Amino acid sequence: MGKVVLVTGVARQLGGRFVRRIQRDPEVDRVIAVDAVAPEHHLGGADFVRADLRQPTIARVLAEYSVDTVVHMDVTGTPLGSGSRTSVKETNVIGTMQLLGACQKSPTVKRLVVKSSTNVYGSAPRDPAVFTETTPAKSLPSGGFAKDTVEVEGYVRGFARRRPDVAVCVLRLANVLGPSADSPLAAYFSLPVLPTVLGYDPRLQFVHEDDVIEVLRIGSLEPERGTLNSGTFNVAGDGVLLLSQCARRLGRPTVPLLMPAVTWVGSALRTLGMTDFSPEQLRLLTHGRVVATHQMRETLGYRPKYTTAETFADFARSRGPGLLPPETLAGVVDRIAALPASGGGHLPTQSAN
């Protein structure tokens, strides 16, 4: 890893955890933690610099500390504190442009790691069963965080062409979950009742926040023998879960609605501030998305510690029991299944009705 590492987006829990983690690496002399607001959590021995990525001051930070490794984690889908969607978009897009411009002029920067998302593939009815890193999206995202990530990756590719001497690693993360997950999907799964689209049961993938920290660290290191951490990599836990399976494991009932009704409910939830039920999330909960992770394993050399199911189980434990606890629901199903045996092998007509 570079001797001086600059990390953006440290006011969020995930950024703070990463800052504390890389300080334990003996090769790191100094960590520069950057965000527009002061974090509420501890950053260990890192130097915190309050700087807005949308302003050109980030170039002075790179020069002052002779930064050689930049880990850009300030590409997110949720506002921080009282921020708005407009401020999030400006930070994602304009902030990334300013950061890349500063990196391009910096003679000391040798490595860039960018936290991206599998949202770049979109969600459409004609999508392939599995997306690889080279699969083009059937329908490019038209707005929201997904469009931000598409624009961010475009700027990163331009930077990589202009500075071929800099090792660039783009990590496309599946939906991040865990005990401290803060995302629109985590907020959706925290609702007491889950609105779903009638007739659809999408396949979903998750990556645990612990695995996100480790894969970011690997992307920031000098590559180990037989591996390469420059390029674009899908990052997700093994396996998939259906939305119906997620609901049962949370113990939360679902309310299947027609598409117009789901859109109206989403607008109402967004207005109430309960969750950002955006059009891109609605498409995800309709068509789903699954990505291949061969490059993550074979090229990057990382194998996640948590599968998709284990990631969701850890998230579910942190959210507490729902209205229909899975154990209670399983007991009811078992009692119903035992009814024919107690009735001599025939279910009473009245009970059947």
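**Helix packing, an aromatic cluster and a parallel sheet**

In this predicted model, helix α7 (residues 243-250) packs against helix α11 (residues 308-319), with axes that come within 10 Å and cross at roughly 35 degrees. The crossing of α7 past α11 is right-handed. On the α7 side, the contact is made by Cys246, Arg249 and Leu250. On the α11 side, Ala309, Phe312, Phe315 and Ala316 take part. By class, this contact holds 6 nonpolar residues and 1 charged residue, and no polar ones.

Aromatic pairs were searched for next. The whole structure contains 7 of them. One of these is formed by Phe189 and Phe312. Their ring centres lie 5.1 Å apart, and the planes stand at 80 degrees, an edge-to-face arrangement. Phe189 belongs to helix α5 (residues 184-189) and Phe312 to helix α11, so the pair ties together parts that are 123 residues apart in sequence. Phe189 is buried, with a relative accessible area of 0%. Phe312 is likewise buried, and its relative accessible area is 0%.

Phe312 also pairs with Phe315. Here the ring centres are 5.8 Å apart and the planes meet at 50 degrees, so the pair is tilted. Within helix α11, Phe312 and Phe315 are 3 residues apart, which means a separation of about one helical turn. Both Phe312 and Phe315 are buried. Both also belong to the contact with α7. Ring pairs join Phe312 and Phe315 with Tyr188, Phe189 and Phe206 in a cluster.

The strands were examined as well. An open sheet is formed by 7 strands. Their order is β3-β2-β1-β4-β5-β6-β11, and the pairing is parallel. The edges are taken by β3 (47-50) and β11 (231-235). Each has a single partner strand, so one side of each is left without a neighbour in the sheet. Neighbouring strands are turned against each other by 20 degrees on average, direction ignored.

Within this sheet, strand β1 (residues 4-8) pairs with strand β2 (residues 30-35) in the parallel sense, over 5 bridges. Val5 has Val31 of β2 as its bridge partner. Helix α4 (residues 144-162) packs on the sheet. It touches β5 (111-117) and β6 (167-173). The direction of α4 makes about 160 degrees with that of β5.

Notes
Residues numbered from 1 in each chain as written. Predicted model: local features only at pLDDT ≥ 70, side-chain atom pairs only at ≥ 80, totals over all residues. Heavy atoms only, no water. Axes fitted to C-alpha atoms, helices over the stretch in contact; angles between N-to-C directions. Helix = DSSP H or I, 4+ residues; strand = E, 2+ residues; numbered from the N terminus. Left-handed = near helix turned anticlockwise from the far one by under 90°. Contact = heavy atoms within 4.5 Å. Nonpolar A, V, L, I, M, F, W, Y, C, P; charged D, E, K, R; others polar. Phe/Tyr/Trp six-rings, centres within 6.5 Å; stacked < 30°, edge-to-face > 60°. Buried < 20%, exposed > 50% of the residue type's maximum accessible area, 1.4 Å probe, protein only. Pairing = 2+ DSSP bridges.
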